[in-house]
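Good morning, and thank you for the time. I shall go through one structure with you, region by region.

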Amino acid sequence: MEVKICSTCGANLLGTGYVMFPCPECESEIYRCFKCRKLGNSYVCEKCGFEGP
Ligand SMILES: [Zn+2]
Ligand SMILES: [Zn+2]
């Protein structure tokens, strides 16, 4: 089973709420936990390094 981690804080997302969306640049999947989503923390794409809100 694939382990998913939050792109922003690195938290393990297994068993917690999270959102997945495609990177605007390279369309690879980015995961973010509810906490970071709520706080509006920026994320960094692992593949292309894109930074977004
Ligand atoms: Zn997070
Ligand atoms: Zn990307």
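The largest pocket draws the largest share of its lining, three residues, from β2; helices (H or I, at least four residues) and strands (E, at least two) are DSSP runs, numbered from the N terminus. In total, 13 residues line the largest pocket, and S7, E29, I30, Y31 and E46 lie nearest its centre. The space inside the largest pocket is about 180 Å³. On a 1 Å grid over the protein atoms alone, a pocket is an open set of points where a 1.4 Å probe fits, with protein on both sides within 12 Å along at least five of seven lines, and lining residues have an atom within 4 Å of a point. Grid points are joined across faces, edges and corners, and the volume is the space filled by probe spheres set on the points.

A word on conventions. This is a predicted model, in which local features need pLDDT of at least 70 and side-chain atom pairs count only at pLDDT 80 or more, while totals for chains, interfaces and linings use all residues. Residues are numbered from 1 along each chain as its sequence is written, chains are lettered from A and ligands numbered from 1 in the order in which they are written, and side-chain values use heavy atoms, with hydrogens and water left out.

I turn to the metal site. Which residues coordinate the zinc ion (ligand 1)? They are C6, C9, C33 and C36, each through SG, at 2.3 Å. Donors are N, O and S atoms within 2.8 Å of the metal (3.2 Å for Na, K and Ca), and sites may look incomplete because water is not among the atoms. Along the chain, the donors of the zinc ion (ligand 1) follow the spacing C-x2-C-x23-C-x2-C. The angles among the four donor atoms run from 102 to 116 degrees, and the site is tetrahedral, a label given to four donors if all angles lie between 85 and 135 degrees.

C6 is buried, with a relative accessible area of 2%, whereas C9 is partly exposed at 42%. Buried means under 20% relative accessible area, exposed over 50%, and partly exposed in between, with a 1.4 Å probe and protein chains only.

Next, N41, which sits in the loop between α1 (34–39) and β3 (43–44). N41 is partly exposed at 29%. Leaving aside neighbours within four places in sequence, N41 is in contact (heavy atoms within 4.5 Å) with T8, R32, C36 and P53. N41 and P53 are 12 residues apart in sequence, with their C-alpha atoms 6.3 Å apart.

Finally, the aromatic rings. How many aromatic pairs does a search of the whole structure find? The search finds three. Rings of Phe, Tyr and Trp (its six-membered ring) pair if their centres lie within 6.5 Å; planes under 30 degrees apart count as stacked, over 60 as edge-to-face and the rest as tilted. Y18 and Y31 form an edge-to-face pair, 5.7 Å centre to centre, with 65 degrees between the planes. Y18 lies in strand β1 (residues 18–22) and Y31 in strand β2 (residues 29–33), so this pair ties together parts that are 13 residues apart in sequence. Y43 and F50 form a tilted pair, at 6.4 Å and 40 degrees. Y43 is buried at 5%, while F50 is partly exposed at 24%. Ring pairs link F21, Y43 and F50 into a cluster.

Terms used
Tetrahedral: all angles 85-135°; square planar, octahedral: opposite > 155°, others 65-115°.
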